[in-house]
Structure formats: C-alpha cells, structure tokens
Amino acid sequence: MQKINSTMLIEKAAQLLENGTADRVLGWKKGEFDYDITPAVFNSVDQIKKEFVFGDFCGANLSKYLVKETRKGDGKVAVFLKPCDTYSFNQLLTEKRFDREKVYAVGISCEGMADIFKVKQIAGDGIVSVSSDGENVKVETLYDGEKTIKLSDVIAERCINCKSRKCVAYDELMGEEGEIIDSDRFDMVSKIESMSEDERFGFWQNELSKCIRCNACRNVCPACTCEKCVFDNPDSCAQNKAPADSFEEKMFHIIRAFHVAGRCTDCGECSRVCPQNIPLHLLNRKFIKDIDTFYGEYQAGAQVGSRAPLVDYTEGDIEPGEAVMKGESENA
Amino acid sequence: MQINGEFKPLIVAFCCNWCSYAGADLAGNNRLAYPENVKIIKVPCSCRVNPMFILRAFQRGADGVIICGCHPGDCHYTSGNYYTRRRMSLLFSMLNFLGIEKERTRVEWVSAAEGAKFAATMNEFTEAVAALGENKRLEDLRCKR
Amino acid sequence: MQRIGVFVCWCGSNIAGTVDVKAVAEALKNEPGVVFSTDYQYMCSQAGQDIIKNAIKEHNLSGIVVCSCSPRMHEQTFRKTAQAAGLNPYMVEISNIREQCSWVHKDMEKGTEKAIILGKAAIAKVNLNAPLTPGESPVTKRALVIGGGIAGIQTALDIADAGFPVDIVETKPTIGGKMAQLDKTFPTLDCAACILTPKMVDAGQSDKIRIFSYSEVSQVKGFVGNFDVTIKKKARYVKEDLCTGCGLCTEKCPQKKVPNEFNLGMDNRRAIYIPFAQAVPKVATIDADYCTMLKSGKCGVCSKVCTAGAIDYTQKDEYIEEKYGAIVVATGYNPISMDKFDEYAYNQSKDVITSLEFERLTNAAGPTAGKLLRPSDNKHPHTIVFVQCVGSRCANCAEKGKEYCSKICCMYTAKHAMLTRDKYPDTDVYVFYIDVRTPGKSFDEFYRRAVEEYGVHYIKGMVGKIAPEGDVLKVQASDLINNKQIHIDADLVVLAAAIEPDKSARPLATMLTASMDTNDFFTEAHPKLRPVESPTAGVFLSGACQGPKDIPETVAQAGAAASKVIGLLAKDKLMGNPCVAHSNELMCNGCSSCERVCPYGAITYSDKEFRMPDRTVAIRRVASVNEAVCQGCGACTVACPSGAMDLKGFANNQIVAEVDAICK
C-alpha cells in the first residue's frame, strides 16, 4: 500500500467539501518555514488546493481544534487524524468536549513523523528549505548549502516509540489499518527512575530551567482544552505568567502533568512543540507508567467512555507511601 | 525554619474534618505532645486537598506536608479518601521522580479514635523531615524571608 | 474589605496556661481586616458571647475569629452568637488554640507563637469568607431501627408513640434480643420476660411499627431526611402472613439435632423452629442448613402437618426498598469468644460456662426448666465459682480480650450469686473480682445484700487456672487482700465474659458512613453533649452498639434516640449544609470528571448558551450542583481540571490563604 501523501489528502479534503460531507476541513498548511507546518481550517476547495499540505513534518495533532471548531455553525467538520490523534479524539469524546455528530473523521495511516530538532542537529542551523520524498529529507541551509538526510535518521522519538499505528476512531480510513505496538516508550522513564534522587533532581532542574513559559505545551495539548486554564485564572491561586523562579517552572509542569494524568493519551505534542526541547512527555509518561503499575494498564482514548484512573478507585488500591517506593523501584 | 540556630521543620498538616481533625483534637484532649511547628488546616475531606495546595505550602516555606484522612473504608463521604489515595500516590511518585525528597510528603490515615496515632505520626514525620533539612528543592526564593 | 473582630478565649487556664492570650489578641490586632481584638476568660459563656455580640454591633463587624477550643466543640455556639447579633453564621471562623495548641504544647513562648499563627490563618480565611445560606431538603417521615433488642424495641415504640411510622429490621427470626434470654434483671430482680415480652407484643401490634424479622440492611444511600435503604428479607421458607405460630411443625419435624442458639447450644431444637414461646412475630422459620427437604428434597413433614399451608420451600430472599428520614442503630452486643482463654478450660469442660449460659440454666424456660444443673452430668452443683473480668479491662492482653470495662458483669454476677444462694442455700458461691463496680441507682445496696445477706464469698483476686479433674474443677486463684493462693474444688465455674459489639456493626457503619472507635463501638457526635447521635446526620445510636450498657441505661438511651428522631421527623424541611460545591459555568468544560467522583450524584449537566468573546453564541455542556444533595466533601473540586468547581466555605483561595498565613 502506498504511503499517504499530500496529493491523496488534498483530493480527499476537496471531495469532502464538494460532496457536502463537511462544510469545513481541519488540515495542515505551511507555516513560516517549510518544516513549520501548522493546523488550519479550510472552507473552500480553492483554499485547499492552494494551501493544504501533508508530509513528514505534519506532526500536529488536529483533534483539539474540534472543540472550538464544532461550536461554529451547524455543518460538519472534517478532520484528518493520524493513529495517535485518534486516541486524543476518543478522549475528547469521553470528556464530551464536542459532538461526534458534527465531525467527519478521516483516519490516516502513519509510519512516523520527522523531528526538526533532529534535522537541525545533522544539518545545522539556518534552514531555508526542507522537503521529504518519503525516504530522504533534502535540507538547504544558509551556511552549508544542500544536504540529504535519510528520513529514518530523523524520525521523532515519539514515533520511534509509537504505541499504536491503529486508528481507534474514524468514519473513513485512508491507508492500512495499523496495529497496537508493544513499544519501549517507558524506557527513558525507567532510566530516570533508576537514577539517584540527586541525579533525578539534577536532570529535571536542568531540563525545566530551560522553560521560558511560552505555554506552547499547554496550548497544543489535546487534553488541555479547558475553557479557562488555571494558570490564566487569577482566582485559581496558581496564576503565573513567567518562569520567574525555579519553583514556578516545576509548579507549572507538575500541575499541568497532574491535570492531564489519566487523560493524556501520550501523543507527544508537548515535547514536539517545546521550543526549548524539554522532554515534557516524560512527565506524562511517568504518570501513565505509574497508573499502569499501580492500577492496571490503562490507555486513555483507547475507548470512548472509559473511566479515567483518577476518577476511579478500588478498595485495595496501593497506599501512597508504597506507591512512591514502587514507582521508584519498579525497574531498578 | 531556623529557630535559635536549630532547624525546626515547618509542617503543614491537612486534616479531614471527620476523622483526622477529630484525632488531632483527641491528641489534645489526652495532652499528647507534638512539635509546635506542626500546623493543621481543616478540610472537609482529604479529597478536598488539591495538589496545588501542597505545592503552595512548599513554595511558601513548608518543609513537609502531610495529608490525614479517615481510614480507607471509613470516609464520612464514603469514597473521598479513595480518591485522595490515588491522587497522592501519583503526585508523590511524580515529586519523587523529579528528585524531590519523598520523605517530605506523606499520607496517613488517622481515625477520630487515634489521638495517640496522630501525635506519634506528627512526631515521627517531623523527625523525618528534620533529618532532611530545609526544603531547597521546591522552594521559591521570592518567598524567603 | 472585611471588618474582623478577634476574640481570644482563655478557657480558664486551659488555654491561658500555655498561651499568652493577651499577646495573641495584641498581635492579631494588626492583621489585615482586623478592627477589634480582645480576650476573655470564657468566650463560650453568656458573658463571653455578649462581648462578641456587642463588638459585632459596636464595631460593625463583618466577620469574626474566635481563638478558642476546637470548632467541633463550639463552632455552632459562636455561629449562633454571631447570628443573634445579625451576622451571617458562616462569617465565623474558629482558630483551634486549645486542642491543637495549648493542650499539646508546654512552652509558653512557642505556644503563644503558634496560637498567633493559627489566628492569622483564621483571619486570612475569614477575609475571604462570604455569607452563606443553607439550602432546604424535604424529610421522609418514617424511621428505620436496625436491631430488635430492647434498645430497638423501645426506640421504635417511642417513635411510633409520637405518631411516626417506624420499621424494625432484625436479623433473628424474632425480636427480643439478648434481654429475651435473661432470667431476672438487676437490681430489682423482676423477670426479664415479664417486662420485655409486653413491649414485644406492643411493637408487634402497633399499627405504626413494621417488623422485618430474619432480615438485614443490605444497602443504604442518601442522607439525613432522605435515606434510601434496601432491606434483605432472608428466605424463612414459611409464609409469614399464613403461619399462625401454632408450633405443630416444630414438634413434628424429624430433624431434632440442631443446636438451639437461643439456649446457646445447651439443648437442641428442630430444623423448623420458633426461637421461644413469646417470639414476635410468632412465625416458624426453617433453618436451611439443617432442613432435609431443602438439602435433599426428601421429607416435607412440616408442609404436611401445616394446616395453614404456610410452608413454602421455594421461597427466595426478598429485597425491599424503602425511604427513611432517620436511621437508628441498635445492633447490640455479644459476649466475646472464650476460645483464647485456655486457662479457664472453657473448651475442655462443659461445666465451665459463660454468664449468659448461666442465665439460660436458671431460666424457667431454659434447657433445665430453671433448675440449676450442671451441663456435664445434670447434677446440682454445690460449689460455684464466678470469675469476673474475663476479657474485660485486658490492658495487657488485647490480643484475646478487650481493654474496656464491660460494665454489666459486676452487677449480673452479684445477681447470679444472690439468686443461687437464694434458691439453693446449700451452695457455696465464690466471686473473684478485680474491683466491684456498682455505680448505679440501688446498685451498691444490691451488691452488699449479696455479700451481707446472702453470704456470697467475694474474693479480690484473679483466677489463674482452672483444671478439670474427675468431676471437679480445680480452681487456682489468688486472694490479694489476704495475700495467699487459694485452691477451690468447684462443681461449676461461671465466666463473666467481656461483651463486644455485634459483628454486623462494622459493615453497617460503612454503609451508613457512621464512624466507629477501635473497638467497633459506634462513636457519638459528642461524647457528652450529643450521646445518642452519630456524627453522620440522621443516624442515631441506641443501646450497647455505642458502648456497654445495662437495661435501664439502654432504655433511657433508646428513648433519647427516639426523641432525636421525632425531633427530626417533625420537621417538614431540613436546612442543609451551605458549605457545598458550586460550578462556575464560564469555566466549566462539561467533562464529567466531577460527576464521576461525586458519591451523592449531586452533579447534573445541561447545555447552555454562552456569548463568546468574538460575539458569537456557543452552546456548551456545563455542570451544576444540586445543593440539597451535595454534602460538601470537595472531591469534585480536585477532579475538576479547570478549577471551575469550588467549595463554599472551603474555597481554593481560602485554603491557600490559610497555607500562606501558616507558611509566612
């Protein structure tokens, strides 16, 4: 089966508008740079033909935009969802964040997206153009001219550790039905767990101190769809706008991870968009790993309507003191 | 905090109204001493304790935070402490993951009949936190005197 | 900005002994919002309350902080005080500087410093308080009494007498409880059956009382005024409405070898039985564990002899759902097991019995028709040894006994000893005791009669060992007053076994969300001032489920519990707790997290229109809280990721203000 490409999606998007399945389409368009692909709403076939793109830098998870988009008008919104996006889609449905009836979901198979940080590491800064043919990535930089890199060398970490290539929700599927993968996605969490307390503190102090509080992680997160975020709410006692102190960096990231604990589908968008390249997904994965260890395996978004672990309990649940020890030693 | 050159950890204890706060009262009734730096905040149920309160306490200078509730199965609201147990298991495990000393946080189930346990828990927890020294890893320098 | 008054109580020397109250009042004067601060010896006294009332009026206070004892003690008092002075009662905060400060600390300087900080926290909170008004909920005018012993019967009778319908749920086939098994009652020696059975009949015949015998409470939902209870009526294989209680079946049943629990297994009954002649309801019950028909399908004798056609081998457990406004727990007690007391040879010799077994042996309706015959050989015992405190006051033997005093044993042992000497003057009676405790009306006189008029040998000391030897029981004991070892050859030994709450109490407490102490006795809302109420609103306590009690005390408590129930049922509406959750619709995501953690089903959702910042209108699903159903636990407030859900009286900003004040 052929890999899903831009032409196929443009055709599909145009068709969905033309045949009246949807009156707008959520897709991707080029941003400021080639690699800087951004989510977009398309209202016309013209616009689709002019701007719609799809390729190895279309990592953006579109599910979140359905919350606001479905509220506008009565017609349906068509959306393209990669396998990991479908989990977010289900989780949003579980939380009743949008009306399923107002969405036409097109599942698209995916074999992994490229990570621009990895490209930059190889090709260097000053990228003027980047393109991919599905096997090789051609990069042109200001300083070094053109370079060709193997796509497999720049696949994003989250895709290397992909948990599922199966689209768990769609009205129509393009490409092959993938499978749930037994990934090694918790390896890095385990590695940090097995560090000493001081090392762990050092690791995270170093990472989180890079935070510039741009809020990109929050704004892109499909679980962070709150009408008003606590960090923007002066009455929440958590409002803060700047990483003025190392405490607030931690506060923000702990609370953000806690708020999405049990709801995070591990799509990895937080780390993708972090301009400081902080491995934020590791915080979420720690929660996912702990939830799996303490309460049995749970994949948010695998099923619509499942009961998230933090709004559930059993009488024999692990005690917090033991949990901390278990969370530390499970892989030691 | 330092008192006369000696480190006295500031402990914030969130106590549920029905069991643990009553347990603390019983400790008082029986004149069971525990350190002055343990300060109790009453909440209706341990499940009212938002992780933000805990972080806030550390930010403002607490050296240890303990949450006390009814024993599992005895919650006045039937299930509140079960949620507390899950929330705090995950939160404390996360704090530990970030390298914040796990001895600074604790959940203890104290019934209204367990005045002695309340006092003993506070003594023991204070001692454990005192052994760690001041909270440096979750401090906010702006909040320091 | 609030105008806050601070009132620091000395509580005599209880607080003032460890806390410099004047310094506290002085230090708190400068806190934000505080316009008045004072101290007084007893703030809860009339004079103290007047100080508060006057200050509220004089200084136009909008909120007050009372630095005093625990809010569990006097929060209500001071709320009423504030209300009387025209202040909303929820503008009162208590700073607990007694139980959680002066009583646990000894150093004046540190105690004072802590009291100031606690006061600051309360001031910080009250600065953010808002007046609250309680919601209302209706009251189901029907009461449930769980347990049909004397406690439950008396409670039910008193409630019924006030005109309210009441249901009794009893696990046994008949009501009557332990008292039905007793012979005579101290200190007046009137027969238990003579005073109990008329009450049982009254209960059985009252048109206000329904008795669910052979039944259990299997589920309790709801809250004060509105409990939804599921009662499991166990299959007794006899149609209650048809059985006339003639007892023919119980005579003809061929299965004769069933230990008779009413006589504590000292004789046998049939597989179909009526526990005793005066049972209410007087209806036969088939014991499924022994009935050959139910076990193997062969027999059917009872069905053949029953002219009323009441036998129904196909009967199933039945579940009844009923609504109640109030629930009274009267689950009673049991003697503890003697299995762990090897030194007393209870399991080795039939002639070592418990006091309750002794009651049956001397009861005219008992296995020996009231003749005192020892179980092993049916001979009249000439030397009887009573051992008190078996498993009671067991501070060092908590693994087999109880730390508490069982309270009734001293008196019933005196009764047993006296009755034995009265009926059989040729019998030597010894009583071994740690202390004789007789603090009741006419109790000590009763005990002295046993010693002085009836010549019972009371020996201060404990029995160390009882060894069966031939047909005597070798009793080894110490006499602490004469400081010597005593050896007695006894024919019968009676153990005053400690009493413990019925095993059904703990699961019931969980269902009711009522609290218990470590011994599984139900806890009172206040040990002195609210002794018949459980801390769970609408749940009341009657009898030994709350602590060891004799009959007069039980009946008194039963009446008290009934009067509390009547007081509740007499109301048409209940004022709820205003400290309930509320959802800020502008922030609510409608995600259902709060709904999933709410134990009361208090949260519902609806679609509402909202004007968006871009002037469009959007329809969103938002949560709202049923204030009559919400009990204010706050589980939803933490489950809510957006912080839309908050709790009145314990709001996020209030708790954070307390944290800040404490950590400053």
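Which residue in β6(A) is the bridge partner of Val130(A)? The partner is Val139(A). Before going further, please keep in mind that this is a predicted model.

β5(A) and β6 of chain A, the latter covering residues 136–141, run antiparallel to each other and are joined over five bridges. In general, strands of a sheet pair through backbone hydrogen bonds, and the pairing can be parallel or antiparallel.

The pair is part of an open sheet of three strands in chain A, ordered β5-β6-β7, with antiparallel pairing. The edges are taken by β5 (127–132) and β7 (145–150) of chain A; each has a single partner strand, so one side of each has no neighbour in the sheet. On average, neighbouring strands of this sheet are turned by 20° against each other, ignoring direction.

Now the chain as a whole. Chain A has 13 helices and eight strands. Its radius of gyration is 20 Å, close to the 20 Å given by the globule rule for 332 residues, so chain A is as compact as a globular protein of that length. Along the principal axes, the C-alpha atoms of chain A fill a box of roughly 60 × 50 × 45 Å.

Two more numbers on packing and contacts. Of the 332 residues in chain A, 48% are buried. Taking contacts in chain A between residues at least 6 apart in sequence, 67% join residues at least 24 apart.

That is all I have on this one.

Conventions
Residues are numbered from 1 along each chain as its sequence is written. Chains are lettered from A and ligands numbered from 1 in the order in which they are written. This is a predicted model: local features need pLDDT of at least 70, side-chain atom pairs count only at pLDDT 80 or more; totals for chains, interfaces and linings use all residues. Helices (H or I, at least four residues) and strands (E, at least two) are DSSP runs, numbered from the N terminus. The radius of gyration is taken over C-alpha atoms; the globule rule is 2.2 Å times the number of residues to the power 0.38. A residue is buried if 20 or more other C-beta atoms lie within 10 Å of its own, exposed if 12 or fewer, and partly exposed in between; C-beta atoms are placed from the backbone. Two residues are in contact if their C-beta atoms, placed from the backbone, lie within 7 Å. Two strands pair if DSSP finds at least two bridges between them. Axes are lines fitted to C-alpha atoms, for helices over the stretch in contact, and angles run from 0 to 180 degrees between N-to-C directions.
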